[in-house]
Amino acid sequence: MQVEIKGAIQNPGVYTLKRNSSISSLIKISGGLLENSDTSRISFNYILQDKDVVVIPEKQEVKLISINSATLEELQTLPGIGPAIAQRIIEYRTNNTFQSLEQIQDVKGIGEAMFNKIKDKICL
């Protein structure tokens, strides 16, 4: 059977495999994964079928927003943060340096629910 592999892989291309071969064996014969491969959605044990196409995605970089130095515009890229709350964050940090991510909840308008939406997108 013939299977194609592409994406974040050493040697993308079409490979001839034995029946009942897994994605794991396809990755192995194609030279292995690249450093930036995102295998979080890949089932290595999946048994391939003839003419399957396997795409190994690249990891997406997540740019964290610094709550201590971000501009008004950068803060507004956070989910649920509009101009008013972004301005409050800037005003708050004028007098206080954020010492922990949780401290952002001291800003009026940012409660536990809002914090849970943004906590993986912010840094100090």
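Tutor: Glu74 forms a salt bridge with Lys63, the closest N and O atoms being 3.7 Å apart, where a salt bridge is a side-chain nitrogen of Lys or Arg within 4 Å of a carboxyl oxygen of Asp or Glu. This pair links distant parts of the chain, since Glu74 sits in helix α2 (residues 72–75) and Lys63 in the loop between β3 (53–56) and β4 (65–66), eleven residues apart; helices (H or I, at least four residues) and strands (E, at least two) are DSSP runs, numbered from the N terminus. Glu74 is partly exposed at 30% relative accessibility, whereas Lys63 is exposed at 60%, with buried meaning under 20% relative accessible area, exposed over 50% and partly exposed in between (1.4 Å probe, protein chains only).

The model is a predicted one, in which local features need pLDDT of at least 70 and side-chain atom pairs count only at pLDDT 80 or more, while totals for chains, interfaces and linings use all residues. Residues are numbered from 1 along each chain as its sequence is written, and side-chain values use heavy atoms, with hydrogens and water left out.

By the salt-bridge rule the count comes to three. Another of these joins Asp50 to Lys51, with the closest N and O atoms 3.7 Å apart; Asp50 is partly exposed at 42%, and Lys51 is exposed at 61%. Lys6 likewise pairs with Glu4, the closest N and O atoms being 3.9 Å apart, and here Lys6 is partly exposed at 35%, as is Glu4 at 29%.

Arg93, in helix α3 (residues 83–95), is buried yet has no salt bridge, and the nearest side chain of opposite charge, Glu74, is 7.1 Å away; in this count Lys and Arg are positive and Asp and Glu negative, with His and the chain ends not counted. What the side chain of Arg93 does reach is the backbone oxygen of Asn68, at 3.5 Å. Setting aside residues up to four places away in sequence, Arg93 touches Ser66, Ile67, Asn68, Ser69, Ala70, Leu75 and Phe98, a contact being heavy atoms within 4.5 Å.

Ile89 also lies in helix α3 and is buried, with a relative accessible area of 0%.

Key. Polar contact = N/O pair within 3.5 Å; in protein donor to acceptor, adjacent residues only side chain to side chain.
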